[in-house]
Amino acid sequence: DQHYKMYDYVVSELPAIIEAHFPVTNQRSISGHSMGGHGALTIALKNPNLFASVSAFSPICNPMDCPWGIKAFRGYLGDDQQQWQQYDSCELMQNSQQFVPALVDQGSNDNFLDEQLKPHALEKVAQQKGYPLELRMQPGYDHSYYFIATFIEEHLRFHAKYLKIN
């Protein structure tokens, strides 16, 4: 745990490496799947000034209220639920002052949908807050690579719109 700091890597180290070695601007968007989707959402919500947009496939949206999240939070952070809030997209969105346009795709046949992922909890917070979130339920899709492969182009087009790329 001393040297594996994924948050710092994604927010600081990786962009610096890319910007030092490739002809890119400092415009950024972020995306992920499942736990990576959770990470993308929380990182964008914590750093709205760094990202033009965020998207996620089947993200864990409300880990403070799902078995996976509760187990992980207790294991890593202890029982203090105040600590947990900084890793829960619903809590972060509820407290956000700046908005990052967000797209979430979720398969309706995902085995983890109701008990673990809880995208409708995020949608509810977004509606209450006026947060620019588009949640798309994709009929018949599950948690698989095929789901991502089917919709990744739409996510890239979503990001291109906010990065102002034709």
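## Strand E1

In this predicted model, the side chains of E1 alternate along the strand. Ile30 and Gly32 are buried on one face.

E1 pairs with E2 in the parallel sense, over five bridges. Within E2, valine 54 stands opposite isoleucine 30.

## Nonpolar cores

The largest nonpolar core holds 23 residues. Ile30, Val54, Met93, Val104, Leu122 and Tyr131 touch the most other members. At least two residues of this core come from each of these elements: helices H2 (35-46), H5 (89-94) and H7 (119-129), and strands E2 (53-57), E3 (102-107) and E4 (133-138). H2 gives the most, with five residues.

Methionine 93 touches Leu45, Leu122, Val125, Ala126, Lys129 and Tyr131, with residues up to four places away in sequence not counted. A second core is separate and has five residues, among them Phe57, Tyr141, Phe147 and Phe151.

In soluble globular proteins, nonpolar side chains tend to be buried together.

## Surface patch

Some nonpolar residues lie on the surface instead. Tyr4, Met6, Tyr9, Leu14, Ile18, Phe22 and Val24 form a patch there, with about 670 Å² of accessible area together.

Tyrosine 9 belongs to helix H1 (residues 6-21). Its relative accessibility is 34%, so tyrosine 9 counts as partly exposed.

Key:
Residues numbered from 1 in each chain as written. Predicted model: local features only at pLDDT ≥ 70, side-chain atom pairs only at ≥ 80, totals over all residues. Heavy atoms only, no water. Core = buried A, V, L, I, M, F, W, Y, C linked by side-chain atoms within 4.5 Å. Buried < 20%, exposed > 50% of the residue type's maximum accessible area, 1.4 Å probe, protein only. Helix = DSSP H or I, 4+ residues; strand = E, 2+ residues; numbered from the N terminus. Contact = heavy atoms within 4.5 Å. Patch = residues over 30% accessible without salt bridge, like charges linked within 9 Å, V, L, I, M, F, W, Y side chains within 5 Å. Areas by Shrake-Rupley, 256 points an atom, 1.4 Å probe, with all protein chains shown as cover. Salt bridge = Lys/Arg side-chain N within 4 Å of Asp/Glu carboxyl O. Pairing = 2+ DSSP bridges.
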